Amino acid sequence: MIAALVAVSMIAGCGNTIKSSAERVAFDGHVFRASAKQTAKRTQPAAFSVTVNGVSKSFDGAREAGRHEGIRFCIRNFGSSRIDWSVGPDTEQLQVENDKLTFVGRCQRP
């Protein structure tokens, strides 16, 4: 009985490790830390910003990681992948500060 519980615990632990590593997506061969958050929750709930760390690994990869994180944010919160970027991955002159890119956008409702 104890052996069965230990085996189930080990399998459950492995599943958590696999899930977290499966969620990691590489862009241009690198994994970037990116996060999205609402910027004006009360007045403009669809407005958000995305910060991507580690731009020095690959500028193009960081740009795509930011696009990906913005799309995930909008799908999760508003059910649509459409974004109106004010500063986004296709902006020509992106500013890099402290090895970070910051995008600003607004989720479009379906």
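These are numbered notes on a predicted model of one protein chain.

1. Basis. Residues are numbered from 1 along each chain as its sequence is written. The model is predicted, so local features need pLDDT of at least 70 and side-chain atom pairs count only at pLDDT 80 or more, while totals for chains, interfaces and linings use all residues; side-chain values use heavy atoms, with hydrogens and water left out.

2. Confidence. pLDDT is the predictor's confidence in each residue, from 0 to 100. The protein chain has a mean pLDDT of 84. In it, 80% of residues reach 70 or more. Residues 3–19 are another matter: pLDDT stays under 50 there. Where pLDDT is low, the predicted coordinates should not be read in detail.

3. Fold order. The protein chain holds two helices and seven strands. These are DSSP runs, numbered from the N terminus: helices are H or I with at least four residues, strands are E with at least two. The order from the N terminus is α-β-β-β-β-α-β-β-β. Among contacts with a separation of 6 or more, 57% join residues 24 or more positions apart.

4. Burial. The protein chain has 110 residues, and 28% of them count as buried. Buried means under 20% relative accessible area, exposed over 50%, and partly exposed in between (1.4 Å probe, protein chains only).

5. Core. A nonpolar core is a set of buried Ala, Val, Leu, Ile, Met, Phe, Trp, Tyr and Cys residues joined through side-chain atoms within 4.5 Å. The largest one has 17 residues. Phe48, Val52, Leu101 and Cys107 touch the most other members. Strand 4 (44–53), helix 2 (59–78) and strand 7 (100–107) are the elements that give two or more residues. Helix 2 gives the most, with five.

6. Val52. Residues up to four places away in sequence are not counted here. Val52 touches Phe32, Arg33 and Ala34, and also Ala62, Ala65 and Gly66. Asp99, Lys100 and Leu101 complete its list.

7. The largest pocket has a volume of about 240 Å³. On a 1 Å grid over the protein atoms alone, a pocket is an open set of points where a 1.4 Å probe fits, with protein on both sides within 12 Å along at least five of seven lines; lining residues have an atom within 4 Å of a point. Grid points are joined across faces, edges and corners, and the volume is the space filled by probe spheres set on the points. Strand 3 (33–40) and helix 2 are the elements that give two or more residues to the lining. Helix 2 has the largest share, four residues. The lining includes Phe27, Arg33, Ala34, His68, Glu69 and Arg72.

8. Glu69. This residue lies in helix 2 and lines the largest pocket. Glu69 counts as buried because its relative accessibility is 11%. Beyond neighbours within four places in sequence, Glu69 is in contact with Ala34, Ser35, Ala36, Val50 and Arg76. Glu69 and Ala34 are 35 residues apart in sequence, yet 6.5 Å apart C-alpha to C-alpha.

9. Backbone points to check. Most residues other than glycine have a negative phi. Asp28 has a positive phi of about 55°. Asp28 sits in the loop between strand 1 (26–27) and strand 2 (30–31). Asp28 is exposed, at 56% relative accessible area. Asp99 also has a positive phi, about 65°. Asp99 is in the loop between strand 6 (96–97) and strand 7. Asp99 is partly exposed, at 31%.

Conventions
Contact = heavy atoms within 4.5 Å.
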